[in-house]
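Here is a set of questions and answers for a student who wants to see how a structural term is tied to the numbers behind it.

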Amino acid sequence: AYKRFSELLPKEQRDNACSRRVPKSRILTLPELRANPFQHRICRVFSTSEEGDDSMSFEDFLDMLSVFSDSATPDIKSHYAFRIFDFDEDGTLSRKDLEKLVNCLTGQGEEVSLSNAEMEQLIQNILEESDIDKDGTINLSEFQHVVSRSPDFVRYRGLQQ
Amino acid sequence: EMFFPEEAHAAAPADFLQELPSYRSVLRRRAGPGGGHDPQGSLGARAGEARGPQPEGAELDARPLREHALSIAEKRRDYQQANIKYLSGWNQWKRTSSKSWRKVLKDIKESLSYLQLWRHDIHSIEGKFGTGIQSYFSFLRFLVLLNFLIFILMFGFVTFPTVISKYGIFNSSFAKISPKNTDSLCTVYTPSGNKGLVYFYTYLKDLLTGTGFLETTSLFYGYYAIDAAVLRDVRYNFPLAYLLTTFAYLALSLVWIIKRSASGFKRSLVHDEDQFQSYCNKVFAGWDFCITDLNAARLKHRSLQYELQTDLEEERIKRKIADRTMKEKLRIYSLRIFLNIIVLAVLLGCFYSIYKATAFSQEKSNVSIRCDLRTDSIKFQYLPSMVITLANFVAPQIFSILIRFEDYSPAFEIKLTLLRCVFVRLANIGVLLFSLWSQIHCDDDNCKACGYNYELYPCWESAVGQEMYKLLIFDFMIILAVTLFMDFPRMLLVTHCSWKLVQWCGLQEFGISDNVLEIIYGQTICWIGTFFSPLLPAIATIKYFIIFYVKKISLIHTRKPPGRPIRASSSNFFFLVVLLIGLVLAFIPLGISIAHIPSSKACGPFRNFNTSWAVVPHTILGFPTGLQMVLNGIASEAFAVPFFMVVCLIMFYFIALAGAHKRVVEQLREQLVMVRFDPLSFL
């Protein structure tokens, strides 16, 4: 992992990679993140940079790899997934978050996204299924509850080394 | 603003909510020394306030540090704070060795997944055409593997011992079947392997119809005429092996299909309940994070979009159905009854024509045998196959036209059409076998001596094997011919000709149900025919292997993407159920042939027995007395009836248990909703 991290740094900074931060544009060249629709959210969630420029240090990089590895517990995965899906970072998944999420999943572009009516119907169904206290948003507990029932969740979230 | 009601609740949640790991991590963050180290997320906003009970000082040690949802900087701090005690060398070594062992297992699993047949092809089909069509191709792959295994089984236990003992390899010999006191008339059997000079096309004809030189090879039942193979003092009871291998391959197919459908069954049960969580599952867990290729990502986006749209469409249709008025319902139901009567009439027409065609074809070939002329042409030999194929083609078209008037939801339409077509195809095979049997069996003096028509069918098992072989070959040729002569010209016409009529016809869609039925039909023939023709599974394996590539090429080049997205997960389970129906229906003719019809006395391993099944009681008589008594006891009614009752009781118990669990889940759900409004009521 250290090798992969240092490859992302420009040559002259490689000797002291432990304390360096890699800018976001370089992180996004990683093969696993390149094709991922959630790449920006992932960078933002794992980055501990105070400037808010989403750069990642080696520790952030390790964090990201460990959460996505097969040996992370479902609790951790769902916790971080919740943060990744929370686009406006208000601690709950509101309708706007869900809408952005679905658009990310179906890909950008006009011809591939769902129509407004379909989106409404879909979000309504999602909320019906997962919003237990019926407040119109999904908080962390509800999210973890729904995801713990999902057989695909644990299986699919692996980043390969 | 919106935050405060939430936080008011979080201040005093019910006890069971405190057990949630998410709540615990929230507590940990609040009590953490540096709340500012986590600027993102709402948790940072609450971090300043240290509210709620603080038992987590002890809890931190309860769970390993890696399970906490904290960043590495915080974990390192906790690590130092908690002051982990020194681990002895033995524990250290244990931990590292288990880690490396897990890594090795993971690598093995990964490399095994690369060995999976056609993995890449099926994945790309899934991305381009959706999961419905992909399920057809993985079904095809499953059948290739199944047939290959059946072939290995039959070859290993039946063909291989025969071949090595006939040619004396490995110092083996065989014991010929000693003729018992049967009528010498029954044992006359001279398969006319081509003697002397014949035209070359005779070989081709024999290849297509299984007669002539093929009849004497190991392809058909007549070749296996040994009683036992002896290999260095080990006596291999061949008739018993033949029979048991037949049961073994049927059991293997049954077990494998059931195992495969078990997971689909669970999903389909859950799905039928109330669309339990299917949307959340797709949206939250739908993205495969292992995708590294942009093309693959595009494929995944499209397939996700297809799936979501399918679900929404189905839901809309269900709502429309639920909103029907009484008058509309009455109209629809009477229309459905009328259409079902038409369906029945069509079926009866098919059966009658097949019966007549088989009888006619057998008469023609028998006439030529009696006059000792081998001039029965291929077209008469293939007449039953042709009629069956015609019926299998016409009937589904009629059904698919009729079903449009019946106004069901798309998924149910597919299922009902599939059911009807299944019934047509499998019943056609049944009618063919029935008419064959009525030819072989007869009531007059011709048959008294041997129990079957020995004049015309000295080796009736080979004759049945030949019919199955012809059906398989013809089926294969039809699939190739349809692809070559209908799909490709159509595609060329549509791309190069700009007439309005042609463009309006357009490309055809990939009809999943038709294709699935084709292969299930072929598979049923293979299952029935393997007893009469042990090398048939090999032919079936090669056939399905070639069909995979033919269908894939035809799909990519000559078909348009499906207009109406189809759901795959329940279709997959449904295909397996239909395959299971085919298997169960294959049991019937096999059971009758083995247990009821007298085996031919002129050929085959069961010459000395009345029926093929008779070899089993004969072997049991050779067992020690105690074992005999046990086996007799198991087979008697005194055991079977109580056993059946116990199985029923167990089944009822599980059904009751499932019902009780469902009720408890409902209650808990209601409680969770109530907690929000009145949390104190649960304390």
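The questions below concern a predicted model, and each answer sets a value against the definition it has to meet.

Q: What makes strands β2 and β3 of chain B a pair?
A: Two strands count as paired if at least two bridges are found between them.

Q: Which residue takes a positive phi in the hairpin of β2(B) and β3(B)?
A: In this hairpin, which has two residues between the strands, B:R232 takes a positive phi near 50°.

Q: How do you know that the span of helix α6 of chain A agrees with what a helix should have?
A: The expected span is 1.5 Å times one less than the number of residues. For the twelve residues of helix α6 (residues 74-85) of chain A this should give 16 Å, and because the end C-alpha atoms are 16 Å apart, the two values agree.

Q: Why is α6(A) called mostly covered?
A: A residue is called buried when its relative accessible area is under 20%. Ten of the twelve residues of α6(A) are buried, among them A:I76, A:Y80, A:F82, A:I84 and A:F85, and also A:K77 and A:R83. For chain A as a whole, 57% of the 161 residues count as buried, while in chain B the share is 43% of 683 residues.

Q: What makes a group of residues in this model a nonpolar core?
A: The members must be buried residues of the nonpolar kinds, joined through side-chain atoms within 4.5 Å. The largest such set has 111 residues, and those with the most contacts inside it are B:F137, B:F139, B:W527 and B:F531. Helix α9 (residues 131-166) of chain B gives the largest share of this core, with 13 residues. Apart from it lies another core, of 50 residues, including A:I27, A:M64, A:F85 and A:L114. In general, nonpolar side chains in soluble globular proteins tend to be buried together.

Q: How do you know that B:F137 touches B:F510?
A: A contact requires heavy atoms within 4.5 Å. B:F510 is one of the residues that B:F137 touches, when residues up to four places away in sequence are not counted, and the others include B:I122, B:I125, B:F548 and B:L555.

Note on methods: Residues numbered from 1 in each chain as written. Chains lettered and ligands numbered in written order. Predicted model: local features only at pLDDT ≥ 70, side-chain atom pairs only at ≥ 80, totals over all residues. Heavy atoms only, no water. Helix = DSSP H or I, 4+ residues; strand = E, 2+ residues; numbered from the N terminus. Buried < 20%, exposed > 50% of the residue type's maximum accessible area, 1.4 Å probe, protein only.
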